Amino acid sequence: MKFRKTKLSHQLIALIGLAFVILFISLGVILPKMLIPVAEKNIYTYLSEPLKFVGNNRIDKSLLNTEVAYIYIVDEDVATSENIQQVINIKDIKKLLSYIKKDYGKFNYNHDTYYYYTITKDEITKVAISNDSYINETKEAILSTIFPIVLSTCLLIGLLLVMWSSFIVKKIEKLKDKIDHIDNADYNHNINFEIDDEIKSLALAIEDMRISLINQEEYRNQMYQNISHDFKTPLTVIKSYIEAVEDNVEDSNTALQVIKQQTEKLENKVHSLLYLNKLDYLKNSKNITNELVDMEQIIRDEVDKFKFHKKEINFIVDVDPKSKYYGTMEHWETIFDNLLSNFMRYTTTTIKITAKQNKLTLYNDGEHIADDFLEGIFTPFRKGIKGEFGLGLSIVKKTLNIMNYDITIKNEKKGVSFIIKRNS
């Protein structure tokens with residue numbers, strides 16, 4: 001379906017025009033109908049008041065006008081005021097009286113509407129009767145008073161809306177122009193909105209997004225460089241040993257052993273990259289099941305796996321069986337594998353794992369981590385303390401987030417603690 005492109009200012013003008021059409025319908029059709037009950041209530045008062053001053057024997061000519069006529073009924077004798085034919089076009093008075101059945105009311109005759117009011121006293125019935133000219137005059141008077149005021153008010157409001165909309169449209173055009181040049185570093189992205197409103201907040205959000213995109217681009221370029229460097233090193237080693245064997249400089253068995261080691265490194269790095277991408281997929285998946293796990297057994301298995309890597313490192317485990325931990329065995333094993341692999345590089349003598357009060361603390365007595373390394377330490381392929389690149393801590397962070405846990409790092413008086421807590 002194709003939509004026609006229109007400017008906001010044109011849409012607003014069309015909307016104001018539609019509002020005026022609705023206003024004219026309301027004032028010209030709906031309001032007059034709503035005024036009829038009010039006008040009818042007034043006409044009965046208008047008819048009843050003169051009857052109080054009409055004598056029993058004659059009709060005072062000073063009370064006569066072209067809008068109200070009077071009728072006397074004494075027994076079967078009927079007398080009328082002189083203006084009866086001007087007010088109501090009925091020559092047969094008895095037929096007229098057949099329509100008067102209540103103390104006051106209205107009736108239709110020959111497509112005209114007439115209103116009457118009666119007073120009976122001392123066996124004399126006096127009737128005041130009028131056509132609908134009073135009703136029409138009342139409606140016209142009210143409308144002639146209201147209409148100019150409402151119209152001028154609406155015109156003023158419409159003018160203010162047009163001026164305001166043009167101001168808003170200009171601000172939106174500036175934002176559109178900024179978005180169109182969001183990747184242009186030479187474009188002047190400064191927009192100074194004096195009024196602190198939602199549009200200014202949107203402009204600030206767009207600027208934050210622009211800076212974030214720049215940072216992401218820089219980070220992406222840096223990460224590609226780091227990945228290239230990280231993959232290039234083992235490939236260079238493999239290539240060097242192959243050339244050495246070909247030149248009879250290196251023993252083939254020794255070369256094969258080195259090539260095997262470097263290939264395993266490459267395989268681990270590729271596996272880590274694939275696992276990191278898998279975590280990004282799982283993060284957006286709704287089919288994640290976090291179950292109660294046996295943390296004590298997981299820790300024991302992980303310690304058994306690493307305790308022989310460096311025999312000089314002492315493992316201390318302190319687990320409270322009452323503490324509860326959720327997730328999957330696979331995810332927790334991945335977390336411990338990456339953390340303990342990291343610890344094995346930096347630990348001096350002791351690694352302590354504590355699981356108490358639903359919190360995990362992994363401590364090693366290695367060197368402190370500098371503050372400038374702590375910030376962004378979980379970023380993929382960020383250069384580490386010893387100039388190394390890796391994905392281990394990034395995998396730890398993302399895996400914990402999937403299970404609704406978080407991790408913080410704290411430099412102790414001696415050594416470093418990694419603290420894992422469940423998000424509230």
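1. Let's start with the rings. There are ten aromatic pairs in this predicted model, where rings of Phe, Tyr and Trp (its six-membered ring) pair if their centres lie within 6.5 Å, with planes under 30 degrees apart called stacked, over 60 edge-to-face and the rest tilted. One aromatic cluster takes in Tyr 99, Phe 107, Tyr 109, Tyr 114 and Tyr 116. If you want to describe such a pair yourself, you give the distance of the centres and the angle of the planes.

2. A quick word on ground rules. Residues are numbered from 1 along each chain as its sequence is written, and side-chain values use heavy atoms, with hydrogens and water left out. Since the model is predicted, local features need pLDDT of at least 70 and side-chain atom pairs count only at pLDDT 80 or more, while totals for chains, interfaces and linings use all residues.

3. Now the overall picture. The protein has ten helices and twelve strands; these are DSSP runs numbered from the N terminus, helices being H or I with at least four residues and strands E with at least two. Of the 424 residues, 36% are buried (under 20% relative accessible area; over 50% is exposed and in between is partly exposed, using a 1.4 Å probe and protein chains only). Among contacts (heavy atoms within 4.5 Å) with a separation of 6 or more, 60% come from residues 24 or more positions apart.

4. Next, find the open sheet. Its five strands come in the order β2-β1-β5-β4-β3, with antiparallel pairing; two strands pair if DSSP finds at least two bridges between them. The edges belong to β2 (77-80) and β3, each with a single partner strand, so one side of each has no neighbour in the sheet. On average, neighbouring strands here are turned by 25 degrees against each other, direction ignored.

5. Walk through that sheet pair by pair. Strand β1 (residues 68-74) is joined to β2 by four bridges, and Val 74 sits opposite Asp 77 in β2. Strand β3 (residues 104-109) and strand β4 (residues 112-121) run antiparallel with six bridges, including the one that partners Tyr 109 with Asp 112. Eight bridges then link β4 to strand β5 (residues 124-131), again antiparallel, and Lys 121 has Ile 124 as its bridge partner in β5. As a rule, side chains in a regular strand alternate between the two faces of the sheet.

6. What does Asn 110 do in the turn of the β3 and β4 hairpin? With two residues between the strands, Asn 110 has a positive phi of about 50 degrees. The hairpin of β4 and β5 also has two residues between its strands, and there Asp 122 takes a positive phi near 55 degrees.

7. Strand β9 (residues 350-356) deserves a point of its own. Why is β9 largely enclosed by the rest of the structure? Because five of its seven residues are buried. Strand β7 (residues 314-319) runs parallel to β9, with six bridges, and Ile 316 stands opposite Lys 352. Strand β10 (residues 359-364) runs antiparallel to β9, with six bridges as well, and Lys 352 faces Tyr 363 in that pairing. In the β9 and β10 hairpin, with two residues between the strands, Gln 357 takes a positive phi near 55 degrees.

8. On to helix packing. Helix α7 (residues 295-306) and helix α8 (residues 329-346) pack at about 40 degrees, axes 10 Å apart; axes are lines fitted to C-alpha atoms over the stretch in contact, and angles run from 0 to 180 degrees between N-to-C directions. The two helices are therefore oblique to each other (under 35 degrees is roughly parallel, over 145 roughly antiparallel, 65 to 115 roughly perpendicular, and the rest oblique). Residues making the contact include Ile 298 and Phe 306 of α7 and Trp 332 and Phe 336 of α8.

9. α8 has another packing partner, helix α10 (residues 392-402), at an angle of about 150 degrees and with axes 9 Å apart. That makes α8 roughly antiparallel to α10. Among the residues in this contact are Trp 332 and Leu 339 of α8 and Leu 393 and Val 396 of α10.

10. Is Arg 210 buried or exposed? Arg 210 is buried, with a relative accessible area of 14%. Leaving aside neighbours within four places in sequence, Arg 210 is in contact with Lys 178, Ile 182 and His 189.
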